[in-house]
Amino acid sequence: MRIYIVKNNILIIFIILSIIIGLIIIKYHTVYIDKDKNTIRLFKLNENIIKRYCSIYKVEPRIYISIVYGELINNFNEFDEFDNLRAELGLDPSVGFAQMKVSTFSWIEKNINDKLIKKSKNKKELLKKIKSDTTNIMYSILYLKKINELFLNKYGKNASIKSLGFRSEEHTSELQSH
C-alpha cells in the first residue's frame, strides 16, 4: 500500500511539472513570436530616424538593422522587462531600441566628440536619453561607426573577411566544412 501511494505521488508530481514546463514553453514561444513582430514594428516606426543617422554617420542601414535585429531577437531573457528598473538601481543592463549597455552609452558621451552628442548632466538625464528611441538609435549608429573606424585604423581597410586575411574561397570552403 505504501509503495502504491509513493508511486501515485511521484506520478502526480511528474504530471504537474510537465504541465508547468509545457506552459512555460508556450509562453516563451508566444513571447518570441510577439517579440519578432514588435521588433519589425519598431523598425518601421523608426525607419526615418535610422535612415537619417545612418546617412549622417555613413553607416550602411542594412548592417545596422541586422545587428540590432539580432540583438533584440536572440538575446531575449526573462529579465528584459526589468531593464529600466535595473538601470535606475545602478546596474548595467542593455536598454532602449538598440539594447545598449548603460556603461556604453556613458562611454560614448565621455569619449566621442560629435556635434550631435549632448553630454548628460547626471545619471537620471543619461537614463532618460538612453530610453529615447531617437537618441538610442543615434548613439548606437555612431558607436557602430566608431567600431568600424577602430578596425580601419588598425588594419587599414574596412572590416571584411578579406581584410582579415581570408580569400573568399577559403572562407566559403571553411563554412561548408562545418
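What covers the buried residues of H6? Before selecting anything, keep in mind that this is a predicted model, in which local features need pLDDT of at least 70 and side-chain atom pairs count only at pLDDT 80 or more, while totals for chains, interfaces and linings use all residues. Residues are numbered from 1 along each chain as its sequence is written, and side-chain values use heavy atoms, with hydrogens and water left out.

Begin with helix H6, residues 123–131, whose buried residues are Leu-126, Leu-127, Lys-129 and Ile-130 (buried means under 20% relative accessible area, exposed over 50%, with a 1.4 Å probe and protein chains only). Looking down the axis of H6, you find these buried residues within an arc of 160°, so they line one face of the helix. Their cover includes helix H4 (83–88), strand E1 (94–95), strand E2 (100–101), helix H5 (102–111) and helix H7 (133–155). Turn to the face directed away from the buried side, and select the exposed residues Lys-124 and Lys-128.

Next, move to the second largest pocket, which holds about 340 Å³ of space. Of the 14 residues that line this pocket, select Lys-58, Ile-63, Leu-144, Asn-148 and Asn-158, the closest to its centre. Helix H3 (61–74) and H7 each supply at least two residues of the lining, and H7 gives the largest share, six residues. Coloured by class, the lining of the second largest pocket shows eight nonpolar, two polar and four charged residues.

Terms used:
Helices (H or I, at least four residues) and strands (E, at least two) are DSSP runs, numbered from the N terminus. The arc is that of the directions from the helix axis to the C-beta atoms. Contact means heavy atoms within 4.5 Å. On a 1 Å grid over the protein atoms alone, a cavity is a set of points where a 1.4 Å probe fits but cannot get out, and a pocket is an open set with protein on both sides within 12 Å along at least five of seven lines; lining residues have an atom within 4 Å of a point. Grid points are joined across faces, edges and corners, and a volume is the space filled by probe spheres set on the points. Ala, Val, Leu, Ile, Met, Phe, Trp, Tyr, Cys and Pro count as nonpolar, Asp, Glu, Lys and Arg as charged, and the others, Gly among them, as polar.
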